[in-house]
Amino acid sequence: MVRPRVEVRLDEGAVAVAAVDIVERVVALNPHAVLALPTGRTPIAFYAELVERERTGRIELSQVRSFNLDEWVGIPSTHPATYARFMEEQLFSRLRNRPTACYIPDGTAADLDAECARYEIAIREASGFDLAVLGIGNNGHIGFNEPGTPFDARTHVAEVALVTRQNNAYSFPDGQPPSRAITVGIATILDSRSILLLATGASKAAVLERALAGPVDSQIPASVLQRHPDVVIIADVAASACLSRKL
Ligand code: F6R
């Protein structure tokens with residue numbers, strides 16, 4: 001088994017630089033690359049770095065297609081906490097040239113299962129992800145694949161774990177995230193040609209150690225990344241504090 005490669009950087013800013021270096025290489029080799037993109041606190045510096053490089057001409061994203069990993073169910077796209085809004089604010093509206101297509105699941109669809117099927121087909125028609133950029137939840141989730149999600153799951157409606165809702169309460173004016181979200185499944189993520197997981201801050205240290213050094217276990221969904229042949233983890237010093245030097 002090829003182990004995920006772990007790169008440790010000093011802080012969030014250095015993680016962002018190293019992560020965008022990888023995106024830059026992927027897009028230079030394939031300007032039509034298909035990217036899976038995360039939201040949350042972790043990728044904010046990453047998107048700032050990506051915007052900076054795009055605006056200064058170091059990276060061209062206009063032919064890229066992006067798929068967001070997830071979206072809350074039941075809140076309109078005008079709501080400040082939707083991931084659609086997050087992506088506009090953090091990335092798309094700040095670029096000189098937007099990607100060809102930027103897909104985000106529609107959490108307001110009348111038929112959510114049909115929306116999940118449509119999203120999965122769109123990913124397949126794009127030939128899957130060349131690079132999936134992930135964060136990691138404090139409980140080991142990737143996307144909104146919470147503990148216990150089968151590894152063969154495709155895009156589906158997930159029940160969001162209580163701890164995940166608590167961790168995301170900050171972005172909701174009423175402090176109440178929805179209890180469900182659409183997420184790209186673990187199997188869809190594992191189909192990616194390469195995977196880049198970003199982890200910053202001390203709150204991720206214990207779960208990152210369990211995901212990388214513990215057994216592959218659906219209770220720690222990110223542990224399944226041990227089975228993928230091309231995974232890079234970029235963590236800051238705080239998030240990598242529990243990792244042994246052997247990794
Ligand atoms: C969000 C996503 C989640 C987050 C994870 C970490 O699109 O896919 O898996 O990456 O919850 O969130 P932060 O970065 O806020 O700690």
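Colleague: Hi! Which side chain has an N or O atom 2.6 Å from an oxygen atom of the ligand?
Modeller: That would be Asp70. Keep in mind that this is a predicted model, so the distance is a computed one.

Colleague: Nice. What about the backbone, which residues have a polar atom there 2.8 Å from a ligand oxygen?
Modeller: Arg41 has a polar backbone atom at 2.8 Å from an oxygen of the ligand.

Colleague: Who else is around, and which residues come nearest?
Modeller: There are 13 residues around the ligand, and those that come nearest are Thr42, Asp70, His141, Gly143 and Lys204.

Colleague: And where does the ligand sit?
Modeller: In the largest pocket.

Colleague: Switching to the strands now. How do S2 and S3 run, parallel or antiparallel?
Modeller: Parallel: S2, residues 34-37, is joined to S3, residues 65-68, by 4 bridges. Within that pair, Leu37 faces Asn68 of S3.

Colleague: Got it. Which strand pairs with S3 over 3 bridges?
Modeller: S5, residues 101-103, and this pairing is parallel as well.

Colleague: Which residue of S5 stands opposite Phe67?
Modeller: Tyr103 is the one opposite Phe67.

Notes:
Residues are numbered from 1 along each chain as its sequence is written. This is a predicted model: local features need pLDDT of at least 70, side-chain atom pairs count only at pLDDT 80 or more; totals for chains, interfaces and linings use all residues. Side-chain values use heavy atoms; hydrogens and water are left out. Two strands pair if DSSP finds at least two bridges between them. Helices (H or I, at least four residues) and strands (E, at least two) are DSSP runs, numbered from the N terminus. A residue is near a molecule or strand if one of its heavy atoms lies within 4 Å of it. A polar contact is a pair of N or O atoms within 3.5 Å; within protein, one must be able to donate a hydrogen and the other to accept it, and residues adjacent in sequence count only if both atoms are side-chain atoms. On a 1 Å grid over the protein atoms alone, a cavity is a set of points where a 1.4 Å probe fits but cannot get out, and a pocket is an open set with protein on both sides within 12 Å along at least five of seven lines; lining residues have an atom within 4 Å of a point. A molecule sits in a cavity or pocket if more than half of its atoms lie within 2 Å of its grid points.
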